[in-house]
Amino acid sequence: MREEIIKKIKDGGVVGAGGAGFPTYVKVNAGAEHVIVNGAECEPLLRVDQQLMAEQAEKMVRGLEAVMQAVGASLGTIALKSKYHEAIEALEKAIAGKPLKLFILGDFYPAGDEHVTVYEVTKKIIPEGGIPLKVGCVVDNVETLINVADALDDVPVTDTYLTVTGEVPNPITLKLPIGMTIAEALALAGQRNLEDKLVVEGGPMMGKVLEDFDQPITKTTKGLILLAADHPMMKVRSMSLATIIKHAKAACIQCRRCTDLCPRHMLGHKLSPHRIMRGLNYMDGELGVMKMALSCTECGACEYACNIMHLSPRRINAMIKMELGKNGIKADPHNREEEVTPTREYMKIPVKRLVASLGLMPYNVAAPLTEVDYAPQKVTIPLKQHLGAPAQPLVTVGQRVDRGALIGGIPEGAMGANVHASISGVVREVSANIVIEADGDGGGRP
């Protein structure tokens, strides 16, 4: 039964829906004592997970139980925030009589960082550079588990749930076919005029700022936040790396607020962003300090901390990680035991304060999960929507495919994820993407 669950998850193309897209069949092909559902949804403005827990609680629990069976776990915990009242009510009914429990989190950022989530639930510290398995845990996102439940019924991943919000007339959460454009998704929220606008794909803290509205949504797209290009947050996020480095060298006053509020530092990891900022002028002489950046998850808490000087230790860390990687430099192994900062409970970032500091209060509104009658006429499906190797195309130009058909497979001997057609139609292009056009018989409809 365990092998069958893993195979169905692999065949269905299930990946981590709330993060970098780690192939789920790899994650569950391990032994763990405890499976934790990450229902924190700590990124401001996004509403996907809290609404899915409220509306599809039983399906999510079914996916959770399947993962527990696959990894041999005896404990299952759903971690979510106390403010998700409807989700809590639905889940309490769904887990009644089952060996599962809810864990109620406070409304702080980044409660959804898996190191933070695991510590909150278990009081175990994942070692620096480690993964939850190091402390006997597997962590999965809400939508990931819903996709696992579908995969058990041989339904592959063809759609994604995402919140469309910001400067749109109708903030909304939708289930949309993978491969349709960002512009189409924004239009479903009532916004067609995109002049002088930018969009954040993901949450405002860790999402990517995009100018190209023709990019496709993928398995990991959880939010689209549309803002004016001159919005203060967008101006800061769009700043060039050269400018960020120049400001960091000239303006960092070594107040160490970025370090004090760093979630990983508070869990005892050897990460001190203020020291990295100071070491920018000494790349050769301070390699040990620069290597601290390898522990950074780029959550952006340091940017919130630097609300006086408006510097970006996060971007600096990302640049350093890239440079170290190019030179084959890895983190040093360590045997020390991490200790939680004694003041951690008082240093968590309240989400409401974070939203205000980002200038997003006008957009902190409901975005109800809504069904829409929309059928894209064309989708552009990337063969790489996940960590690992890109899928290999299994179709040719001119071939007709049905929705759900396997169009990209995992390369032999590699880690990857299957890719499936999100609409029925004719293949028009095979490259790094598979482009499918609906064939006029309603094939574009999900």
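Me: In what sense do strand 6 and strand 10 pair, and over how many bridges?
Reply: Happy to start there, keeping in mind that this is a predicted model. Strand 6 covers residues 159–166, and one link between the two strands joins Val164 to its bridge partner Leu224 in strand 10. The sense of the pairing is parallel, and it runs over 4 bridges.

Me: Which residue in strand 10 is the bridge partner of Val200, and in what sense do strand 8 and strand 10 pair?
Reply: Strand 8 takes in residues 197–201. Its pairing with strand 10 runs over 5 bridges, in the antiparallel sense. For Val200, the bridge partner in strand 10 is Ile225.

Me: Are the residues of strand 10 buried or exposed?
Reply: Buried here means under 20% relative accessible area. Strand 10 spans residues 223–228 and is mostly covered. The count of buried residues is 6 of 6.

Me: What share of the contacts with a separation of 6 or more comes from residues 24 or more positions apart?
Reply: For background, the secondary structure comes to 18 helices and 18 strands, and 56% of the residues count as buried. Among contacts with a separation of 6 or more, the share from residues 24 or more positions apart is 71%.

Me: Which element gives the most residues to the lining of the second largest pocket?
Reply: This pocket holds about 480 Å³ of space. Of its 25 lining residues, the closest to the centre are Leu46, Arg47, Gln50, Lys83 and Tyr84. Helix 3 (48–55), helix 5 (85–94) and helix 18 (351–357) are the elements that give two or more residues to the lining. The top contributor, with 4 residues, is helix 3.

Me: How many charged residues are in the lining of the second largest pocket?
Reply: Sorting the lining by class gives 12 nonpolar and 4 polar residues. The charged residues number 9.

Note on methods:
Residues are numbered from 1 along each chain as its sequence is written. This is a predicted model: local features need pLDDT of at least 70, side-chain atom pairs count only at pLDDT 80 or more; totals for chains, interfaces and linings use all residues. Side-chain values use heavy atoms; hydrogens and water are left out. On a 1 Å grid over the protein atoms alone, a cavity is a set of points where a 1.4 Å probe fits but cannot get out, and a pocket is an open set with protein on both sides within 12 Å along at least five of seven lines; lining residues have an atom within 4 Å of a point. Grid points are joined across faces, edges and corners, and a volume is the space filled by probe spheres set on the points. Ala, Val, Leu, Ile, Met, Phe, Trp, Tyr, Cys and Pro count as nonpolar, Asp, Glu, Lys and Arg as charged, and the others, Gly among them, as polar. Buried means under 20% relative accessible area, exposed over 50%, partly exposed in between (1.4 Å probe, protein chains only). Two strands pair if DSSP finds at least two bridges between them. Contact means heavy atoms within 4.5 Å.
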